[in-house]
Amino acid sequence: MRKSLFFSTLLAVSLSTSAQKKATIEIHPEQGTQMISKHIYGHFAEHLGSCIYGGLWVGEKSDIPNTKGYRTDVLEALKKLHIPNLRWPGGCFADEYHWMDGIGPKENRPKMVNNNWGGTIEDNSFGTHEFLNLCELLGCEPYISGNVGSGTVEELAKWVEYMTSDGDSPMANLRRKNGRDKAWKVKYLGVGNESWGCGGNMEPAYYADLFRRYSTYCRNYDSNQLFKIASGASDYDYKWTETLMQKDASKMDGISLHYYTCKGWNGSKGSATNFSKDDYYWTMGKCLEIEDVVKKHIAIMDKYDAKKKVGLMVDEWGTWWDVEPGTNPGHLFQQNTLRDAFVAALTLNVFNKYGDRIQMANIAQVVNVLQSMILTKGKQMVLTPTYYVFDMYKVHQGATYLPLNLTCDTTKLDNKRAVPALSASASKDANGIIHITLANTDLDNSEDVDISIPSFKAAKVNGRILTSKGIDDYNEFGTPEKVQPKDFKDVKVSKQGLKVKMPAKSIVVLEIN
Ligand code: AHR
């Protein structure tokens, strides 16, 4: 109690004295060498709450408009985001999932209890075919998370064969019997999930051996080439990364990392919609701490893999708040405000920067769970503020990262975390168009941003802005969306570059031709 009073006072003082509202950015297009992997803009769909059932899948007989059983509204919204990959079936669920229960005629599929997520009965009506066909419809790469915790090597090996073998093999023939002649292409294979926790509570050295064993038998069939991802650390667990890299670096293609912007794992995590200014700035600080965490994991990886062959896959990230009142605590259904949009914007700006090591990231999760893109209620659907950040930022996918120097004011929170007023990222796409994404985290002050791009003459600039009256604004079912992007005109082109006036609490994307 005493600590939080002190904290509030400190914050108030620092906010009231922050009169400076100018920032500068210097971009050097000629220094751009590394690509921003499109997979940094990846997603995650777990059998959890109404992510799959009701969110993505309603079945062909539903009165909710659907395309072969998939919600048409959700499908169309996700296509607009150009989602590059989708991770499935978990999360913690993956290590209790037995894929053979989810193939063949639906009426014969056994049910199971979803022990991790509220004890809900899972009827397995959404299985391998339903998932991989969804990825085909979305035009995205599937990322399969395999069961190491409660499964067997044989089970995972056979799953790979079932999905990817085109030969006259037992599993390929079983797939054909179930209606799919041609093998799917599956590149990304997660060998377990959170093996230090819900995925088996293992010690790192023990898991490192298991990773070798499981991955030995997950074969490359025909032209399919697996990219094997080791179950990685949570947040600050550098020992896990160290052990795995030391023992298995030459055997893996990627290692995962999970980082949630949340207030810890015991007790209340705070409301998604009802929060104070202090809570907001705390959230920004905690979210930005991901840069330090990522840097430390990368430094360990560099020790064992100087050539940066192994990718860091941040395959779970995002905000984690208390569930919405009256909803099942095991279903992790939370609203999504402009604050969440900032977490997405700031985090993506960080990921873009480390594209030489970060090859993938998956926000948790795509529909109705944690920091979702989309929320559904019966026939209704809303796009969240986070959805719009992904929409604005999609221009960075596959583009060349442009290093930048940024100077700006900071809001000092405590001795540990300081929140810069401005966050930015720039890239150049295949057509030579430069995109800059900017976020003014200051809740009260607008920011004059001078952007210089030596040797580049801007002819035309288009912009979009995401902001709202309140930082706690969100999009409600049944009413017009309160938080959505609009055209942004407050940018002037000069000889030196651009002059941008960012309103308080705003996120902007600029397209410079
Ligand atoms: O995303 C929700 C859960 O968070 C995942 O199932 C698990 O991997 C993590 O702890």
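## Ligand site and domain contact in a predicted model

A polar side-chain atom of Glu-46 lies 2.7 Å from an oxygen atom of the ligand. This structure is a predicted model, in which local features need pLDDT of at least 70 and side-chain atom pairs count only at pLDDT 80 or more, whereas totals for chains, interfaces and linings use all residues. Residues are numbered from 1 along each chain as its sequence is written, and side-chain values use heavy atoms, with hydrogens and water left out.

Glu-46 belongs to a group of 13 residues around the ligand, of which Glu-46, Cys-92, Glu-194, Tyr-260 and Glu-316 come nearest; a residue is near a molecule if one of its heavy atoms lies within 4 Å of it.

| Residue | Distance to a ligand oxygen atom |
|---|---|
| Glu-46 | 2.7 Å |
| Glu-194 | 2.8 Å |
| Tyr-260 | 2.8 Å |

The domain assignment divides the protein into domain 1 (36-399) and domain 2 (405-512), with bounds that come from an automatic or database domain assignment. Their contact takes 40 residues from domain 1 and 44 residues from domain 2, where contact means heavy atoms within 4.5 Å. Between them the two domains bury about 3,400 Å², 67% of it on carbon and sulfur atoms; buried area is the accessible area (1.4 Å probe) that two parts lose on being put together, summed over both. Of the area that domain 1 buries against domain 2, Tyr-281, Leu-338 and Met-392 supply 22%, more than any other three residues.

Polar interactions also cross this interface, with 17 residue pairs in polar contact, both residues at pLDDT 80 or more, and two salt bridges, each defined as a side-chain nitrogen of Lys or Arg within 4 Å of a carboxyl oxygen of Asp or Glu. The side chains of Lys-277 and Asp-444 meet in a salt bridge at 2.9 Å, N to O. Among the elements that each supply at least two residues of the side of domain 1 that touches domain 2 are helix H8 (277-304) and helix H9 (338-353), and H8 gives the most, with nine residues. Helices (H or I, at least four residues) and strands (E, at least two) are DSSP runs, numbered from the N terminus.

Some backbone features remain. Most residues other than glycine have a negative phi, and most peptide bonds are trans. The peptide bond from Trp-88 to Pro-89 is cis, with omega near 5°, and a cis peptide bond with omega about 15° joins Gly-90 and Gly-91. Pro-89 has its place in the loop between strand S5 (85-88) and strand S6 (112-114), and Gly-91 is likewise found in the loop between S5 and S6.

Key
A polar contact is a pair of N or O atoms within 3.5 Å; within protein, one must be able to donate a hydrogen and the other to accept it, and residues adjacent in sequence count only if both atoms are side-chain atoms.
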